[in-house]
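Work through the exercises below with the sequence and the model open beside you. Try each task before reading its solution.

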Amino acid sequence: MAENSLPSSWQPALGEVLSTPEARKLGGWLRAEEGAGKTVYPPRGARLRALELTPLDRVKVVILGQDPYHGPGQAHGLAFSVPEGVRVPPSLVNIYKELESDLGVKAPPHGNLESWARQGVLLLNNALTVEAGQAGSHQGRGWEAITDAAVAAVARGEQPCVFILWGSHAKKKAMRVPELANNTRHLILTAPHPSPLSAHSGFFGSRPFSQANAFLSAHGREPIDW
């Protein structure tokens, strides 16, 4: 992607897929959309933020989202996260509720999850851009091959990791990555999506945070300070 520089730790895993005709087509399409006056979130320079904050060799936990928030000022390159000063979205409100129920961690007064990312939590959306006000509008445009390759790279790594899959979309994405579908070393946690529409169907009470930390500790890895 010409508008973003790929972080060095991810270059061996993603350089090839980013140089394909499909990726170049995606880049051209995004530039054309913006050239036509459409607003694309997150802004250029923030679209690979998840990869920048969480180097491949430091990934401990992967949380998969669907696509970025499509409201003004919300998306900043991390799944489920918003910058400080932006109202905490409903799904993240529910994530914070489960975190407090699970580990007793009080919800912070903001929705910025960069502290998780810097500790090794890869907050990766399936599509890394979206048109303003149009949820899911950039699905199927080519991001999936790139983010699938990122998930596969983590699954191939030597260190055991935790994959947290909320909702059917995340589960389907994980299962189409052979390295994860045939997993024998990593912990895969599944639950309904934290959206208000589905959180009461099994997301609440799923205890992903304590399970992730127990697995990391059992494998000699530093747990996450959620």
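**Exercise 1: The sheet**

Leu64 has Leu124 in strand 3 as its bridge partner. The model is predicted: local features need pLDDT of at least 70, side-chain atom pairs count only at pLDDT 80 or more, and totals for chains, interfaces and linings use all residues. Residues are numbered from 1 along each chain as its sequence is written, and side-chain values use heavy atoms, with hydrogens and water left out.

Solution. 
Step 1. Helices (H or I, at least four residues) and strands (E, at least two) are DSSP runs, numbered from the N terminus. Two strands pair if DSSP finds at least two bridges between them.
Step 2. Strand 2 (residues 61-65) and strand 3 run parallel and are joined by five bridges.
Step 3. On to the next pair: four bridges link strand 2 with strand 5, again in the parallel sense. Within this pairing, Ile63 has Ile164 as its bridge partner, and Val62 stands opposite Phe163.
Step 4. Strand 5 and strand 6 are parallel too, with five bridges between them. Here Ile164 is opposite Leu189 of strand 6.

**Exercise 2: Two strands and their side chains**

Task: decide which residues of strand 3 and strand 5 point one way and which the other way.

Solution. 
Step 1. In a regular strand the side chains alternate between the two faces of the sheet.
Step 2. In strand 3, Val121, Leu123 and Asn125 point one way, while Leu122 and Leu124 point the other way.
Step 3. In strand 5, Val162, Ile164 and Trp166 point one way, with Phe163 and Leu165 pointing the other way.
Step 4. Buried means under 20% relative accessible area, exposed over 50%, and partly exposed in between (1.4 Å probe, protein chains only). Five of the five residues of strand 3 (residues 121-125) are buried, so this strand is largely enclosed by the rest of the structure. Strand 5 likewise has five of its five residues buried, so it is also largely enclosed by the rest of the structure.

**Exercise 3: Helix 1 against helix 6**

Task: describe how helix 1 and helix 6 cross, and list the residues that meet.

Solution. 
Step 1. Axes are lines fitted to C-alpha atoms, for helices over the stretch in contact, and angles run from 0 to 180 degrees between N-to-C directions. The axes of helix 1 (residues 11-18) and helix 6 (residues 143-156) come within 9 Å, crossing at roughly 155°.
Step 2. That makes helix 1 roughly antiparallel to helix 6. The scale is this: angles under 35 degrees count as roughly parallel, over 145 as roughly antiparallel, 65 to 115 as roughly perpendicular and the rest as oblique.
Step 3. Contact means heavy atoms within 4.5 Å. On the helix 1 side are Ala13, Leu14, Val17 and Leu18, which meet Ala145, Ile146, Ala149, Ala150 and Ala153 of helix 6.
Step 4. Sort these residues by class: Ala, Val, Leu, Ile, Met, Phe, Trp, Tyr, Cys and Pro count as nonpolar, Asp, Glu, Lys and Arg as charged, and the others, Gly among them, as polar. The contact of helix 1 with helix 6 has nine nonpolar, no polar and no charged residues.

**Exercise 4: The surroundings of helix 9**

Task: what do the buried residues of helix 9 pack against, and at what angle do helix 4 and helix 9 pack?

Solution. 
Step 1. The buried residues of helix 9 (residues 208-218) are Pro208, Phe209, Ser210, Ala212, Asn213, Phe215 and Leu216.
Step 2. These pack against strand 2, helix 4 (90-103), helix 5 (114-118), strand 5 (162-166) and strand 6 (187-191).
Step 3. Helix 4 and helix 9 have axes 7 Å apart and pack at an angle of about 60°. That makes helix 4 oblique to helix 9.
Step 4. Helix 4 contributes Ile95, Glu98, Leu99, Asp102 and Leu103 to the contact, and helix 9 contributes Pro208, Phe209, Ser210 and Asn213. By class there are five nonpolar, two polar and two charged residues in the contact of helix 4 with helix 9.
Step 5. Just after helix 9, Gly220 has a positive phi of about 75°.
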